[in-house]
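Morning, everyone. I have one structure to walk through, from the overall fold down to a few single residues. Please have a look at it first.

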Amino acid sequence: MNILDKIVAHKRIEVAEAKSKVSIADLEKAPLFGRKTLSLKQALTAEGASGVISEFKRKSPSKGIINDAVLPEIVTKGYVEAGACGLSVLTDTEFFGGTFDDFAKARAANPSTPMLRKDFMIDEYQLWEAKAIGADVILLIAACLTPAEVRQLGRKAQELGLEVLLEVHDRDELEQSVCEYVDMVGVNNRNLKTFVTSIETSLELAQLIPNNFVKISESGLKNAETILQLREVGYQGFLIGESFMVTQNPGLALKELIGRFQLTSNQ
Ligand SMILES: O=C(O)c1ccccc1NCC(=O)[C@H](O)[C@H](O)COP(=O)(O)O
C-alpha cells in the first residue's frame, strides 16, 4: 500500500463519518455556501501575474512536521501581500495537520484571493463541504480516481461554481483523465512512492497537456531559475508549500522568490 492508498482508505472513513453528522442540506445553509467563487485560472493568466499558488502546510507524509507554530490567517495574508495569485490550504487533518478551521481563518483574512481546498476528493459530498467553507477550487488527483470519477466529480464541481485542478504524475494519468470538466492541469513533481521530487516530470509532460488548460507545476519548487525554466515550457502556475513554510516568515520567503525571478527575467 503506498501513501496515497493509505490516505484514500482513511478519507473514505472520514467522509462516511462526516455524512452521518452533517447533511448536504445543512452544508447548503452555511453562510459562505452561496458566495460567488473567484477564478484561480483568471488570476494565474492575468498580465504580470507571479503565478505562485502559496500553500499553508503544517506537516506532510514526506517531511513530518514542517511548521506547527504558525497561524493560517497571518501566513496567508503575508502570502497575498507578497504577490501570491492564489492560496492552497490543506484541510486533511490525519496526514497534513490541516483543518476546516485553518481554511476558514485564511478565507476570512483574504476575501479577494482564489483559494484551493487542498484535500483528497473521492466523493461528491466533499464538493459541498468545499463550497460551505468558501473554497473556489478543488483538486482531483488522477492517481486516486478512475477517469469516470474525475468526470463525475469535475462536472459536479463546475456545476457548483468551483474550478477544477486535475493533478497528474505521468503521461498515462494525463491522457486517461484529462477532460472538459477540468480547468487546470497540475503536474506533481513528487513521486508518491519515493517522495523524491524532480522537475523533469513537469518538463516532460508540458507539451502533452492541451493548451486550453492552464498548466501548473506542483511540489519541490524552491528557486527562481526553476520557475523561469518551467515558464519557458508553458507553465503559468507554481504550487509551492514546504520551501516557504519551513521559514520563520513564509510571506517574506515568497516575496524574495518573486523578487529573484522578476529580476532574472528582466536581465
Ligand atoms: O507533500 C507530501 O509529502 C505529500 C505526500 C503524499 C501526497 C501528497 C503530498 N503533497 C501534496 C502536495 O501536492 C504538495 O503539498 C504541494 O504540491 C506543495 O508541494 P511542496 O512545495 O513540495 O510542499
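Start with the inside. Of the 267 residues in the protein, 44% are buried. Keep in mind that this is a predicted model. How far can we trust it, in terms of mean pLDDT? The mean for the protein is 96, and 99% of its residues reach 70 or more. The model also scores ipTM 0.98 and pTM 0.97.

Now the overall build. The protein has 12 helices and 10 strands. Its radius of gyration is 17 Å, close to the 18 Å from the globule rule for 267 residues, so the protein is as compact as a globular protein of that length. The C-alpha trace spans about 55 × 40 × 35 Å along its principal axes. Then there is the contact pattern. Take contacts between residues at least 6 apart in sequence: 68% of them join residues at least 24 apart.

What does the record say? An unreviewed UniProt entry carries the annotation "domain: Indole-3-glycerol phosphate synthase", and it covers residues 4-257. Over that stretch the chain is 41% helix and 17% strand. The end C-alpha atoms of the stretch are 30 Å apart.

On to the ligand. How many residues surround it? The count is 19. The closest are Ser-60, Ser-62, Glu-218, Gly-241 and Glu-242. Two elements give two or more residues to this shell: strand S10, residues 237-240, and helix H11, residues 242-245. By class, the shell has seven nonpolar, seven polar and five charged residues.

Next, backbone angles. Most residues other than glycine have a negative phi. Two residues here have a positive one. Phe-195 has phi near 70°. Ser-219 has phi of about 85°.

Where do they sit? Phe-195 is in the loop between strand S8, residues 184-188, and helix H9, residues 200-205. Ser-219 is in the loop between strand S9, residues 214-218, and helix H10, residues 224-232.

Buried or partly exposed? Phe-195 has 14 other C-beta atoms within 10 Å, so it is partly exposed. Ser-219 has 26 C-beta neighbours inside 10 Å, so it counts as buried. The cut-off for buried is 20 or more.

Stay with Ser-219 for its contacts. Leaving aside neighbours within four places in sequence, Ser-219 is in contact with Asn-188, Asn-189, Arg-190, Thr-197 and Leu-239. Compare sequence with space. Ser-219 and Gly-186 are 33 residues apart along the chain, and their C-alpha atoms are separated by 9.9 Å.

From Ser-219, step across to Arg-151. The two are 68 residues apart along the chain, with 24 Å between their C-alpha atoms. Arg-151 lies in helix H7, residues 147-159. It has 17 C-beta neighbours inside 10 Å, so it counts as partly exposed. Its contacts, neighbours within four places in sequence left aside, are Cys-179 and Tyr-181.

Now Ala-130. This one lies in helix H6, residues 125-132. With 28 C-beta neighbours inside 10 Å, Ala-130 counts as buried. What does it touch? Not counting residues up to four places away in sequence, Ala-130 touches Arg-117, Ala-135, Ile-138 and Leu-162. Thr-91 is 39 residues from Ala-130 along the chain, and their C-alpha atoms are separated by 9.6 Å.

Is Phe-120 buried or exposed? It is buried, because 22 other C-beta atoms lie within 10 Å. Setting aside neighbours within four places in sequence, Phe-120 is in contact with Ile-7, Val-8, Lys-11, Asp-92, Ile-141 and Cys-144. Asn-212, by contrast, is 92 residues from Phe-120 in sequence and 25 Å away in space, C-alpha to C-alpha.

To recap. The ligand has a shell of 19 residues. Ser-219 pairs a positive phi with a buried position. Phe-195 pairs a positive phi with a partly exposed one. That's my tour. Over to you.

How values were computed. Residues numbered from 1 in each chain as written. Predicted model: local features only at pLDDT ≥ 70, side-chain atom pairs only at ≥ 80, totals over all residues. UniProt positions renumbered as here; feature names shortened; annotations may be inferred. Helix = DSSP H or I, 4+ residues; strand = E, 2+ residues; numbered from the N terminus. Near = placed C-beta within 6 Å. Nonpolar A, V, L, I, M, F, W, Y, C, P; charged D, E, K, R; others polar. Buried ≥ 20, exposed ≤ 12 C-beta atoms within 10 Å, placed from the backbone. pLDDT = per-residue confidence, 0-100. Rg over C-alpha atoms; globule rule 2.2 N^0.38 Å. Contact = placed C-beta atoms within 7 Å.
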